[in-house]
Amino acid sequence: MTTKGFDGMTAMIRNERGVALILTLLITMAVAAMAIGGVMIAGASGLTSRFAAREAALHSLADAGLEIGRDEINRVSAAFPDSTILPDTGYIVIAPAATILDASGNVIPGYTRTVYAGRTGGRTGGPATSGQYGSNYMSVLSVINDPRGAVAARRGLFAQESWSKFAVAVNNWSSSIPYGCGSSITGPLHSNDDLLIQSGCTSPKTLFAGEVTVVGSIVNPGSGNFTRGYTTGTPALPWPTPAQLGTMRRFAEDADITNGDYDLTGGNIGTNRPCTRLDFQVLDSNQDGIIQWDEGYVRIFKCNNLNYTSLAYVNARRWNQTLSGFNSDNDPNMLSPNCGAYVTNASGAFRNAQAIYDNTSGSESNKRTKVRDVFRGETGTGYVNKRCFLGGDPRLFRSVTGDTLLPDPATANTGLGANGGRWIRRRLGAHPSVTTVRSTIASGGDAEYWIPLGKNPNFKGVIYVTGDVAISGRLRGRVTVVSTGIINLQDDFTYWTPPGTNCSETGDIFGALAVQGIITQDNNLQTPFKVNGTFRGGFDDTPADENYHMFLLSLTNFGSDMESNGTPGYDGPTGSPAIPAEAGETCGGARAGCIRISGGIAYARMDWAGFRTYGSGTSSTGYGWASGHTYDQCGASNPPPYFPTTGRYLKSRYYEIDPVWLNQVGIGTYLNELQSR
């Protein structure tokens, strides 16, 4: 055995003596690298955390600037409701560049913030400027700098709260009329005064299904079922003023300055018998079988003079014409030009009471008996389907078909002499959108009477009437009617699209704004009248209640012109029994049935003074109408055009702004650009 192999292995081992040292060094370097990496990661994490903290501080302080701006505008608007803090053009600086305080009032070192505010949307274009959607916007811009020179910019878009947000709003609850047991308010309610509820309500209680805010106190809160709670002692919201409503005239003028289709003179003021009526209708102007959002129109009927007979005709009120051997208290429409029936012969033409009386042979007694039999609906008279129509309705005239407006006043006012009224032609002739219409509602020369709503690209959604005005018909579009007098609800007024089903720009919505009040008119269509001393109804083509789709705001109150003893306000006898409800009209036992408002109601005074009745009469001695109200949620999200606002701005949208870009564009240029959107 030799030792050669062993010696060789020993030699090899001796040649690898430095490996352990190298391995140790490598491990040491790896550990050091890991330690350095850990230190670097920890340092980077700290830097990231500090950067994130600074960024979060920038963002939160900028966001706080938006709320500071909104709060400042809201406080000034509440303190000075008739002032406008935001200029029509340009902008204001709410908070100039200054140090920022924390919640404890200490200065946050190195940070400065500037807050700007300006209107968004003017009168030159875009949804916010056209007035079609009732939008009133403000932009608040908050720019902040930190100690290292970083900049953050935020923009908040705020929408002014509309009075149409509320199902019910009351400025002054000046009477003892409470909400009764079993009543229901299905949307938000606000009272700048108290809220009165009938005492002792248990089953059922008065339901308040929306938010309730009250400046004063709630009388008998235990009688209410507040599903969303209530708040008392809230700040008062400034009520609109006549001057504010007056500013809306310019929007009507903007629609057509030369023609004056939307800026009207009512003819009288402060009565329940207006000279002017707005009749809204729908035309399939492109004849495609579908009613589009812009196929709504309005036509205007106006009295020839302010005589009693002319105004009674326009409003279809009791006629009370003197006649030998006839008691007008017991037969107020014996010679009415508004009420009559259809003949049963082949022509099927409508005959008014005057024509029926004149065409009946025999004695005066025979003539009176014939009219009474027709009004009672007796068979064998040769007439069926008794009806009353508002003045000028095409169905009143026997010599024409239902698609003619009778532009000739002499024909339209047959038997009325110089009294009566007439349809008003457009000064510029037929609008292009209806010149080709050949429907049953407008044909031939009648096209020149139809005033377009959505088809006029300049229409701002506002019709302004100096004086009183009456409304009726069916609406397609977005319209607000402003009256410096009284708005009279003459007959059912409904939307083409059901309320609350389409809150977009293509839906229907209507606002009624009146300086001197809004009343439900006691006329031959909406309440029964006496026939031979007994009240008879059924003269309306929609007799079951009075239905109005709208948001109404009155600077006085809302009610009816029916006297407390149930007689017509200005036209009938005194001391007669209460007018009974039509068949099918039910509203808590009220004698004249329901006034059903689908929308919202805003009263300056909750006392119905001057109109005597509204919501009264659950007993056998009661009188008048009662309220049946359904809230339309579209009023909160897309109000009627230019509907008055509370002055309070609410959050709408939030935007992050690139500070480099903003510096290049400039604050003034940016806010002015927002103004023109």
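Q: Which residues touch the most other members of the largest nonpolar core?
A: In this predicted model, that core holds 73 residues, and Leu195, Leu278, Phe280, Ile463 and Phe510 touch the most other members. Strand S32 (residues 594-605) supplies the largest share, 6 residues. Another core, of 35 residues, lies apart from it and includes Val314, Ala353, Ile356 and Val374.

Q: Why is leucine 26 called exposed?
A: The label exposed requires over 50% relative accessible area. Leucine 26 has 52% relative accessibility, so it counts as exposed. Its place is in helix H2 (residues 19-79), and Ile22, Leu26 and Met29 make a nonpolar surface patch of about 330 Å².

Q: Why does threonine 360 count as buried?
A: Buried means under 20% relative accessible area. Threonine 360 is at 12%, and therefore counts as buried. This residue sits in the loop between helix H7 (353-358) and helix H8 (364-376). Leaving aside neighbours within four places in sequence, threonine 360 has contacts with Asn366, Lys367 and Lys370.

Q: What makes helix H6 (residues 308-315) largely enclosed by the rest of the structure?
A: Of its 8 residues, 6 are buried, so helix H6 is largely enclosed. The buried ones are Ser310, Leu311, Ala312, Tyr313, Val314 and Asn315. Just after H6, alanine 316 takes a positive phi of about 55 degrees.

Q: What makes the pair of arginine 277 and aspartate 279 a salt bridge?
A: The cut-off is 4 Å from a side-chain nitrogen of Lys or Arg to a carboxyl oxygen of Asp or Glu. Here the N to O distance is 3.8 Å, so the pair falls within the limit. Arginine 277 and aspartate 279 are both buried.

Q: How do you know that arginine 299 forms a salt bridge with aspartate 279?
A: The closest N and O atoms of arginine 299 and aspartate 279 are 2.7 Å apart, which is within the 4 Å cut-off. Arginine 299 belongs to strand S16 (residues 296-303) and aspartate 279 to strand S15 (residues 276-282), so the pair ties together parts that are 20 residues apart in sequence. Against the limit of under 20%, arginine 299 has a relative accessible area of 7% and is therefore buried. Aspartate 279, at 5%, is buried as well.

Q: Why are glutamate 448 and arginine 425 called partly exposed?
A: Partly exposed is the range between the buried limit of 20% and the exposed limit of 50%. Glutamate 448 is at 24%, so it counts as partly exposed. Arginine 425 is at 43%, and so counts as partly exposed. The side chains of glutamate 448 and arginine 425 meet in a salt bridge (2.3 Å, N to O). Both residues lie in the loop between strand S20 (421-423) and strand S21 (451-452), 23 residues apart.

Q: What makes strand S6 (184-185) and strand S12 (224-226) edge strands?
A: The open sheet has 3 strands in the order S6-S9-S12, with parallel pairing. Strands S6 and S12 each pair on one side only, and are the edge strands. For strands to pair, at least two bridges are needed; S6 and strand S9 (residues 206-208) are joined by 2. Serine 184 has leucine 207 in S9 as its bridge partner.

Definitions and conventions:
Residues are numbered from 1 along each chain as its sequence is written. This is a predicted model: local features need pLDDT of at least 70, side-chain atom pairs count only at pLDDT 80 or more; totals for chains, interfaces and linings use all residues. Side-chain values use heavy atoms; hydrogens and water are left out. A nonpolar core is a set of buried Ala, Val, Leu, Ile, Met, Phe, Trp, Tyr and Cys residues joined through side-chain atoms within 4.5 Å. Buried means under 20% relative accessible area, exposed over 50%, partly exposed in between (1.4 Å probe, protein chains only). Helices (H or I, at least four residues) and strands (E, at least two) are DSSP runs, numbered from the N terminus. Patches are made of residues with over 30% relative accessible area and no salt bridge: like charges are joined within 9 Å, nonpolar side chains (Val, Leu, Ile, Met, Phe, Trp, Tyr) within 5 Å. Accessible areas come from the Shrake-Rupley method with a 1.4 Å probe; for residues, only the protein chains shown count as cover. Contact means heavy atoms within 4.5 Å.
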